Amino acid sequence: MKILYVEDELSENIPRIVRLFSKFLGKKRCEELEKSGSNETGFRPDLEKVKAIVEDTHIIEVERSFPDALRKIVHAPDRYALFLIDRNLSESEYEYDEIKIIDPSYNETCYDTFFEREGDYFLQKLVYQGVDVMTKFYFLTAYSVQDELRNGKE
């Protein structure tokens, strides 16, 4: 079983990645990540390199986009023991038609409801798929408690 970590702003979250996963990453990978995050040139870190370092654990899978993460949630939710999901994945652009191909139940109402709260859609999707979200699902968010789940009443 693996951990699915979904974050569209990897470069800004390297310290968080190290804090969350240091146990699995080990000292060498943590140092590599910290080094890639302290880029003195002013350019952002190579995101594919960051992803590769984390995935080298063979325990954590990283996705940076809503469509790529949705593909895993729709087609293989049982593969994951834990879901760590950023609520807002709008930094990685996606199109409605692209999502509809992955998840036929996704419609324009979903697009309007969950734009900028794509993680809320993942939570809803996993609930409907029978995943025990109370023990397997965690949001990573800067939003306050007052920012209710989109479609929370359902």
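Helices (H or I, at least four residues) and strands (E, at least two) are DSSP runs, numbered from the N terminus. This is a predicted model, where local features need pLDDT of at least 70, side-chain atom pairs count only at pLDDT 80 or more, and totals for chains, interfaces and linings use all residues. Residues are numbered from 1 along each chain as its sequence is written, and side-chain values use heavy atoms, with hydrogens and water left out.

**Exercise 1. Read the fold order.**

*Solution.* 
Step 1: Count the elements. The chain has 7 helices and 4 strands.

**Exercise 2. Describe strand β2.**
Which residues of β2 point one way, and which the other?

*Solution.* 
Step 1: Recall the rule. In a regular strand, side chains alternate between the two faces of the sheet.
Step 2: Apply it to residues 60-63. Ile60 and Val62 point one way, Glu61 and Glu63 the other.
Step 3: Check burial (buried means under 20% relative accessible area, with a 1.4 Å probe and protein chains only). All four of these β2 residues are buried.
Step 4: Find the neighbour. β1 and β2 run parallel and are joined by 4 bridges; two strands pair if DSSP finds at least two bridges between them.

**Exercise 3. Compare α3 and α6.**
At what angle do α3 and α6 pack?

*Solution.* 
Step 1: Take the axes (lines fitted to C-alpha atoms, for helices over the stretch in contact; angles run from 0 to 180 degrees between N-to-C directions). The angle is about 10°, and the axes lie 11 Å apart.
Step 2: Classify. Angles under 35 degrees count as roughly parallel, and α3 and α6 are therefore roughly parallel to each other.
Step 3: List the contact (heavy atoms within 4.5 Å). α3 gives Phe66, Ala69, Leu70, Ile73 and Val74, and α6 gives Glu118, Tyr121, Phe122, Lys125 and Leu126.

Conventions: Parallel < 35°, antiparallel > 145°, perpendicular 65-115°, else oblique. Buried < 20%, exposed > 50% of the residue type's maximum accessible area, 1.4 Å probe, protein only.
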